[in-house]
Amino acid sequence: MSKEPIYLETPLSMDDIEPLKTGDVVRLSGALYTARDAAHARMKEAIEKGERLPFDPDGQVVYFTGPAPARPGHALGPAGPTTASRMDPYSPLLIERGLRGMVGKGVRSGAVIKSMREHGCVYFGAVEGTAALLADCVKEAEIVAYEDLGAEAIQRLVVEDFPVVVVNDLYGGDLYSEGRERWRRSVG
Amino acid sequence: MRDVSAEAVTKTVRDLCIEANTRLPESHLRALRRALDDEESPLGREVLARLLENADIARERCVAFCQDTGYAVFFVEMGSEVRVTDGEIGAAIDEGVRQGYEEGYLRKSIVRSPIDRINTGDNTPAIVYYDLVPGEDLKLTMLVKGAGCDNMSALKMLTPAEGLPAMKEFVVETIEKAGPNASPPVTVGVGIGGPFEKAAQLAKKALTRPSGEPNPDPALAELERELLGAINATGIGPAGYGGTQTALAVHVESFPTHIAAFPVAVNLDCHSHRTASIKL
């Protein structure tokens, strides 16, 4: 499972994500959009009202994170992934609009996984307790919407070689359940 | 009677907030290194190596190990022969949290109500539990409690007839349900006994014990070892990617309970296990 990393540049195309398989180690470069609970609730509201979204999801990758404040001289404070399942009620709205990737941690719902496979979107895992390391891969950060939400504002990050692992691919693969089954042992 | 000024409490709390968030406890780092040696899954070893690298960066640059700088939880042991002067201890702790979270570039994650969800802006109020003890020490133990793993915690009111086997099953089942969401390898705090809220509080306090230090009661220490083995057999592994190191330590705390009761609470802490302690 520990393979050579696959290097990808965002925005992602179907050609980029079709070859990806559960367990693949990927390094992402280019733009990532941060959004977590409150920002997703607002995007849902915007969609329901027929308003424009703060960014066009087509081909983009969303990163579920709420960074800590940056020290002077840093583009971004520590920024690891948050639990993705809290975004499950919202994610299909963005996936239907062309979102190609999500970065977070933790299990996704059946509905989200179905939507990903139907519309073409991959779920990547990052490691929450590597927040300071991950922030090192962020070269630029700019708030694009909902500044009043503080750490929950939508930011456009420009990242370089951001380390992730494919959790859910387009073919029903799921690293969490496959990994657990592979390493499960019986106890006496 | 010994006097401690409210100002000294504030300064100590400020320093504890920054220290706990940027320097992982040595006992936890040792547990992570041991897990790296023992982990059989290559992807699991990669995750553990990254966690250790992240700990070095956080310490060297004095930045938060994890962006979720949590609830600021304090266990205060207040000696009967010590008093806080020129202010009230609760207000002094809150002021320390306010200063520590601002000056330490730590995220403010507390909302004033679960319903309206407006951020308090300074990570207060601190969550404080007081124990009155003999002597003239004032001891503050901080636990930085992230929400991802706290959300996966659970409490069950077992019956005496269900007893110990059901208790073990409930602990392992809680870990199984949490899976990757609790950010393993986890530290597991288990509280048994007391009424409802006592079990939960014991489970939280159990997390502040140095990682892997066994309960002084040999029967509970044996229970901790058994639970750790069962949890590491689940296969969840580091970050939930599969592996043999799902928990670094299990700490069980027990308390007298009612003839009709067997409460059990399981409080999980993620791989960003952050705690620090000081005597004033």
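Modeller: Two residues are in contact if their C-beta atoms, placed from the backbone, lie within 7 Å. The model we discuss is predicted.

Biologist: What share of the contacts in chain A between residues at least 6 apart in sequence join residues at least 24 apart?

Modeller: In chain A that share is 62%.

Biologist: What makes a residue of chain A count as buried, and what percentage of the chain does so?

Modeller: A buried residue has 20 or more other C-beta atoms within 10 Å of its own. Of the 188 residues in chain A, 51% are buried.

Biologist: How do you know that chain B touches chain A?

Modeller: By the 7 Å cut-off between C-beta atoms, 42 residues of chain B are in contact with 41 residues of chain A. On the chain B side, α3 (42-61) and α8 (218-232) each supply at least two residues. The most comes from α3(B), with 10 residues. By class, this side of chain B has 19 nonpolar, 19 polar and four charged residues.

Biologist: What makes β6(B) and β9(B) a pair?

Modeller: Strands pair if at least two bridges are found between them. β6(B) and β9 (residues 262-269) of chain B have five bridges, in the antiparallel sense, so they meet the cut-off of at least two. In β9(B), Val264(B) is the bridge partner of Lys156(B).

Biologist: Why are β6 and β8 of chain B said to stand at the edges?

Modeller: The open sheet has four strands in the order β6-β9-β7-β8 (chain B), with mixed pairing. β6 (154-158) and β8 (247-255) of chain B each have a single partner strand, so one side of each is left without a neighbour in the sheet. Direction ignored, neighbouring strands of this sheet are turned by 15° against each other on average.

Biologist: Which helices lie across strands of this sheet?

Modeller: Helix α6 (residues 163-178) of chain B lies across β6, β7 (186-193), β8 and β9 of chain B, at about 25° to β9(B). Helix α8(B) lies across β7 and β8 of chain B, running at about 140° to β8(B).

Terms used
Residues numbered from 1 in each chain as written. Chains lettered and ligands numbered in written order. Predicted model: local features only at pLDDT ≥ 70, side-chain atom pairs only at ≥ 80, totals over all residues. Buried ≥ 20, exposed ≤ 12 C-beta atoms within 10 Å, placed from the backbone. Nonpolar A, V, L, I, M, F, W, Y, C, P; charged D, E, K, R; others polar. Axes fitted to C-alpha atoms, helices over the stretch in contact; angles between N-to-C directions.
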